[in-house]
Amino acid sequence: MSAITTHVLDTSAGKPAAGIRVDLSMTENGSWTNLGTETTDGDGRAKHLLSDDHKLAPGTYKLTFETREYFRARGGDSFFPRVDIIFSIQDSSQHFHVPLLLSPYSYSTYRGS
């Protein structure tokens with residue numbers, strides 16, 4: 001499993017959000033470098049954003065969720081076409097799980113376990 005993982009819960013439907021593209025990036029010298037891309041599985045999870053042997057480094061990371069396509073595929077739209085979650089890692093020996101709770105007009109996140 002990747003050192004950084006996520007899962008998306010569609011709180012408006014009360015179920016995991018499958019099929020959302022997630023990009024993981026890290027900032028270096030003021031620009032973002034893509035580290036991995038995955039689409040959430042049937043349980044709304046992205047567990048392989050980084051390879052198992054990827055050495056996580058301290059720094060600032062970003063998870064980008066392409067939410068517009070998810071809601072359009074279900075016959076609706078989203079006020080937030082994309083959700084960016086930017087977070088900082090200091091102790092790179094840990095695992096980082098960053099969930100997204102999503103609805104068409106709101107979202108929230110937290111550091112999971």
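**Entry 1: overall layout**

How many helices and strands are there in the protein chain? I counted one helix and ten strands. I note at the start that this is a predicted model. Next I read the order from the N terminus: β-β-β-β-β-β-α-β-β-β-β. The radius of gyration came out at 14 Å, close to the 13 Å that the globule rule gives for 113 residues, so the chain is as compact as a globular protein of that length. I also looked up the extent of the C-alpha trace. Along the principal axes it spans about 40 × 30 × 20 Å.

**Entry 2: burial, contacts and surface**

What share of the 113 residues is buried? I found 40%. Residues 24 or more positions apart account for 59% of them.

**Entry 3: charges**

How many salt bridges does the structure hold? It holds four.

**Entry 4: Asp 23 with Arg 21**

The side chains of Asp 23 and Arg 21 form a salt bridge, with N to O at 3.1 Å. Is Asp 23 buried or exposed? Asp 23 counts as buried, because its relative accessibility is 9% and the cut-off for buried is under 20%. Arg 21 has 43% relative accessibility and counts as partly exposed.

**Entry 5: Glu 66 with Arg 82**

Here the closest N and O atoms of the salt bridge are 2.9 Å apart. Which parts of the chain does this pair tie together? Glu 66 lies in strand 6 (residues 59–66) and Arg 82 in strand 7 (residues 82–89), so the bridge ties together parts that are 16 residues apart in sequence. I checked accessibility for both partners. Glu 66 is buried at 15%. Arg 82 is partly exposed at 48% relative accessible area.

**Entry 6: Asp 77 with Arg 68**

I found a salt bridge between the side chains of Asp 77 and Arg 68, N to O at 3.8 Å. Asp 77 is partly exposed, with 37% relative accessibility. Arg 68 is also partly exposed, with a relative accessible area of 28%.

**Entry 7: the loop between strand 4 and strand 5**

I looked at two residues here, Thr 40 and Asp 41. The loop runs between strand 4 (31–39) and strand 5 (45–46). Is Thr 40 buried or exposed? Thr 40 is buried, at 5% relative accessibility. Asp 41 is partly exposed, with 28% relative accessible area.

What does Thr 40 touch, leaving out residues up to four places away in sequence? I listed Val 8, Ala 17, Ala 18, Gly 19, Ile 20, Val 22 and Arg 45. With the same exclusion, Asp 41 touches Ala 17, Ala 18, Gly 19 and Lys 47.

I also took two C-alpha separations. Asp 41 and His 7 are 34 residues apart in sequence and 8.9 Å apart in space. Thr 40 and Gln 90 are 50 residues apart along the chain, and their C-alpha atoms are separated by 26 Å.

**Entry 8: Asn 29**

Where is Asn 29 found? I located Asn 29 in the loop between strand 3 (21–28) and strand 4. Asn 29 has a positive phi of about 55°, although it is not a glycine. The relative accessible area of Asn 29 is 85%, so I logged this residue as exposed.

**Entry 9: Leu 101**

Leu 101 sits in strand 9 (residues 100–103). I logged Leu 101 as partly exposed because its relative accessible area is 24%, and buried would need under 20%.

Which residues does Leu 101 touch, not counting those up to four places away in sequence? I wrote down Leu 9, Thr 11, Ser 106, Tyr 107, Ser 108 and Tyr 110. Leu 101 and Asp 10 are 91 residues apart along the chain, with their C-alpha atoms separated by 6.2 Å.

Methods
Residues numbered from 1 in each chain as written. Predicted model: local features only at pLDDT ≥ 70, side-chain atom pairs only at ≥ 80, totals over all residues. Heavy atoms only, no water. Buried < 20%, exposed > 50% of the residue type's maximum accessible area, 1.4 Å probe, protein only. Helix = DSSP H or I, 4+ residues; strand = E, 2+ residues; numbered from the N terminus. Rg over C-alpha atoms; globule rule 2.2 N^0.38 Å. Contact = heavy atoms within 4.5 Å.
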